Amino acid sequence: MKYTFSLVALIFFGCHVAIAQPRFKVAAFYSTNGEMDHINFAKDALYFFELISEQQQFTFDATRDWSNLNDNYLANYDIVIWLNDFPKEDDQRAAFERFIARGGAWYGCHVSAFNLPDSKWKWFNTFLGGAYFKTNNWPPLPAKVIVEDRNHPVTKRLPASYISPTGEWYQWKPSPRENKDVKVLMSIAPESYPLGVKTVIEGGDTPVLWTNTKYRMLYMNMGHSNKIFSNSEQNTMITDAVLWLGKAKELKVKSE
Amino acid sequence: MRSVSTILILLATSVCFGQKPDFKVLAFYSKDVESDHGDFAKKLRSFMNELSDERKFTFDVTTDWTNLNDTLLKNYQVVVWVNDFPHTDAQRKSFQKFMDNGGGWIGFHVAGYNDKDTNWPWFVDFMGGAVFYTNNWPPLPARLLIEDQDHPVTQNVPSVLSAPTNEWYQWKPSPRENKNVKVLVTLDPINYPIGIKDIITAGDTPVVWTNTKYNMVYINMGHGEFVMDDQFQNTLVADALLWVGKSKSPKPIIAIEGTGLPEMISVKGGTFMMGDDNGDKDEKPARKVTVADFRIAKTETTIGQWRTFCLATNRRMPEAPWFQQSEQHPIVNVSWDHAVAYAKWLSQQTGKNYRLPTEAEWEFAARGGVKSKGYPYSGGRNADSVAWLAHKSEGTMAVAQKLPNELGLYDMTGNVWEWCSDWYDDTKRFYTTRGGAWDIGLKNNRVTYRNPLGPTSRNHNKGFRVACD
């Protein structure tokens with residue numbers, strides 16, 4: 001049945017046309033004043049999300065204007081994605097808090113969760129599950145990651161472990177795992193340590209995908225290179241992540 | 001019908017009348033193809049028109065593949081397939097005869113495409129056995145390795161190419177498995193996995209090769225409007241055509257451009273203690289290193305200097321960062337590969353051996369060479385008097401505004417990280433950048449600090465300066 005639906009949609013609308021009835025709406029925020037690896041990730045993410053938004057029948061909009069993080073703008077959307085930055089202004093932060101409070105969903109990537117014990121936005125740290133940035137490997141490298149729960153909607157189509165493409169991996173202190181409301185879905189595999197060349201993560205617990213179950217949110221540490229979308233299994237996870245946050249089921253896509 | 005198209009071909013001829021061309025090329029392309037393949041055909045055509053004027057050959061183009069017949073091909077020494085291949089037996093037979101008689105062929109991109117439905121065994125053998133297997137999608141830039149730097153097709157390019165956006169094909173079997181095939185250029189495994197929608201994850205991916213049983217070169221580039229944007233890749237394309245055309249016309253002498261050349265400072269060689277026993281693990285132990293005399297640029301390569309290179313080579317400028325820049329600011333967002341290509345170009349322009357400094361040369365020069373006073377930052381103990389660093393500016397700054405070091409070199413500390421020529425360590429995955437940058441803290445701006453990065457990595461705070469023997 002699902003298959004029939006997408007086929008019918010294809011016949012009616014062809015490719016690359018606006019979706020008549022989006023199942024949910026996504027707004028992605030990103031910046032281009034920063035590290036090239038972060039900019040490249042955002043560029044690839046725009047390509048990827050536009051592609052799957054057609055296949056999976058949702059609206060995908062993107063903006064570099066973080067002042068759009070306000071009540072009026074956010075009222076149009078179900079999910080907010082932060083690709084490579086985070087809000088710096090108090091009113092933007094407050095609008096985001098209200099968006100989350102009324103059931104809005106958040107998908108954060110890489111540096112979007114960067115925060116330190118002296119960061120002023122305490123709500124955000126609580127939202128993340130208490131994780132403060134501690135260290136990262138340098139230079140960026142691929143890493144073997146473990147899928148901790150293969151029954152969760154986000155990770156159900158992933159193998160037990162895989163090599164995730166080149167990235168700068170963050171370790172957190174405290175680890176979000178220490179928070180009982182946090183569900184860690186993926187972490188760095190022990191055999192990946194020591195991870196790094198110049199700056200090395202020697203070991204320990206390094207969650208890379210988690211949700212704070214008190215909110216509709218998912219944080220993914222991937223986002224530092226032009227290679228993030230070059231693993232089709234991981235791409236499937238990213239698709240499933242958006243569908244989960246959008247409370248939508250996967251539509252079967254006929255490959256071209 | 002045939003006579004009409006011949007007249008059209010004559011009209012499209014680009015060599016002046018009354019001059020005997022070195023050789024004659026007939027290029028076939030199709031209009032009713034993927035738009036990316038059409039875009040490439042347009043770009044290649046204008047490139048070849050210019051080249052044929054310079055190098056005295058005839059370059060004719062046709063969209064009528066029935067021109068692939070014995071009678072017409074008698075007039076030509078080289079056939080080029082720009083974005084398609086013949087679809088009828090008659091055309092295939094004439095081409096086969098042309099090649100068997102020693103004709104030349106250049107095929108771009110989809111011209112070499114063949115799969116189980118092609119039903120042309122001779123062509124598969126001609127391609128060295130290569131059958132299309134997979135491709136990346138969307139089209140992406142890639143790092144290419146030159147496998148033979150002495151071959152006439154590849155002798156004028158650096159050892160690595162930063163190839164513009166293309167759809168890369170992988171072949172099964174790889175043509176490398178054929179003993180008659182000479183692979184000239186291959187996709188660097190560093191690119192894997194490459195793609196988003198369709199991903200090439202691993203394997204051998206030759207991109208330029210010749211089947212030595214024929215006078216032919218296959219070139220996988222040819223998808224999209226950016227393919228002809230890299231001067232060195234274009235040089236390879238030109239040299240491939242001239243090679244199969246057996247060109248006798250000498251390479252034109254390029255006028256040496258006086259402006260835009262970097263000002264070089266002579267550094268007298270010597271022995272120094274490289275590294276720092278109190279620094280990071282990769283700075284230890286401090287050890288005795290000797291460097292020979294060399295020359296190094298007084299400043300980081302500027303935007304103006306890089307622009308000269310871009311204008312001379314039809315290359316695109318890298319993306320501008322978000323902060324304000326003048327022509328005197330250091331060029332940024334250039335990779336190690338780009339910096340090496342710039343040095344190669346400077347060398348070709350001047351006949352001198354421009355290159356990146358080795359790490360030892362860089363550190364020796366940053367410390368002030370034989371005149372060193374042993375400062376932790378290049379030129380002084382007080383970092384702010386010699387360097388832009390630690391976020392004290394809004395971005396990079398024009399070069400040579402702070403005090404120079406003992407040798408008269410500017411901004412060796414701060415402003416932008418500078419690429420060095422050698423590997424960071426024995427794993428040979430990363431090159432080293434040196435000297436810190438405007439948005440980097442004091443500790444990482446020390447003259448001994450080492451920052452490893454992959455050869456294609458680019459950033460708003462990474463630049464370079466050239467050295468010379």
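**Figure 1. Where domain 1 of chain B touches domain 2 of chain B.** In this predicted model, 13 residues on the domain 1 side of chain B are in contact with 15 residues of domain 2 of chain B. The assignment runs domain 1 over 2-244 and domain 2 over 261-468 of chain B, and the C-alpha centres of these two domains sit 39 Å apart. Putting domain 1 and domain 2 of chain B together buries about 1,200 Å², with 51% of that coming from carbon and sulfur atoms.

**Figure 2. Charged and polar links between the two domains of chain B.** Zoom in on Arg143(B) and you'll find its side chain in a salt bridge with that of Asp337(B), at 2.6 Å from N to O. Between domain 1 and domain 2 of chain B the count is 3 salt bridges. The search for polar contacts across this domain interface of chain B turns up 4 residue pairs, both partners being at pLDDT 80 or more. As for secondary structure, β7 (160-166) and α6 (231-244) of chain B each put at least two residues into the domain 1 side that touches domain 2 of chain B. Sorted by class, that domain 1 side of chain B has 6 nonpolar, 4 polar and 3 charged residues.

**Figure 3. The interface of chain A and chain B.** Here 23 residues of chain A are in contact with 28 residues of chain B. How much area is buried between chain A and chain B? It comes to about 1,900 Å², and carbon and sulfur atoms give 60% of it. On the chain A side, Met36(A), Tyr47(A) and Lys198(A) are the ones to look for: they supply 32% of the area that chain A buries against chain B, more than any other three residues.

Figure 4. The side chain of Lys198(A) meets that of Asp280(B) in a salt bridge, with N and O 3.2 Å apart. The tally of salt bridges between chain A and chain B is 2. Across the interface of chain A and chain B there are also 9 residue pairs in polar contact, both at pLDDT 80 or more. The elements giving two or more residues to the side of chain A that touches chain B are α2 (36-55) and α6 (232-245) of chain A. Of these, α2(A) gives the most, with 6 residues. The class breakdown for that side of chain A reads 10 nonpolar, 7 polar and 6 charged.

**Figure 5. An aromatic pair in chain A.** Over all chains, the structure contains 72 aromatic pairs. The one picked out here is Trp106(A) with Phe124(A): the ring centres are 5.9 Å apart and the planes are at 85°, so this pair counts as edge-to-face. Because Trp106(A) belongs to strand β4 (residues 105-109) of chain A and Phe124(A) to helix α5 (residues 122-128) of chain A, the pair ties together parts 18 residues apart in sequence.

**Figure 6. A salt bridge between two helices of chain A.** Asp71(A) and Arg98(A) bring their side chains together in a salt bridge, 3.1 Å from N to O. Asp71(A) is in helix α3 (residues 71-74) of chain A and Arg98(A) in helix α4 (residues 90-101) of chain A, so distant parts of the chain, 27 residues apart, are linked by this pair. The whole structure holds 36 salt bridges over all chains.

Figure 7. Most residues other than glycine have a negative phi, and most peptide bonds are trans. Now for some spots that go the other way. In chain A, Tyr193(A) and Pro194(A) are joined by a cis peptide bond with omega about -5°, and Pro194(A) lies in the loop between β9 (182-188) and β10 (207-212) of chain A. In chain B, a cis peptide bond links Trp137(B) to Pro138(B), with omega about 0°. You'll find Pro138(B) in the loop between β5 (132-135) and β6 (140-146) of chain B. Lys246(B) is not a glycine, yet its phi is positive, near 50°. This Lys246(B) sits in the loop between α6 and β12 (264-267) of chain B.

Terms used: Residues are numbered from 1 along each chain as its sequence is written. Chains are lettered from A and ligands numbered from 1 in the order in which they are written. This is a predicted model: local features need pLDDT of at least 70, side-chain atom pairs count only at pLDDT 80 or more; totals for chains, interfaces and linings use all residues. Side-chain values use heavy atoms; hydrogens and water are left out. Domain bounds come from an automatic or database domain assignment. Contact means heavy atoms within 4.5 Å. Buried area is the accessible area (1.4 Å probe) that two parts lose on being put together, summed over both. A salt bridge is a side-chain nitrogen of Lys or Arg within 4 Å of a carboxyl oxygen of Asp or Glu. A polar contact is a pair of N or O atoms within 3.5 Å; within protein, one must be able to donate a hydrogen and the other to accept it, and residues adjacent in sequence count only if both atoms are side-chain atoms. Helices (H or I, at least four residues) and strands (E, at least two) are DSSP runs, numbered from the N terminus. Ala, Val, Leu, Ile, Met, Phe, Trp, Tyr, Cys and Pro count as nonpolar, Asp, Glu, Lys and Arg as charged, and the others, Gly among them, as polar. Rings of Phe, Tyr and Trp (its six-membered ring) pair if their centres lie within 6.5 Å; planes under 30 degrees apart count as stacked, over 60 as edge-to-face and the rest as tilted.
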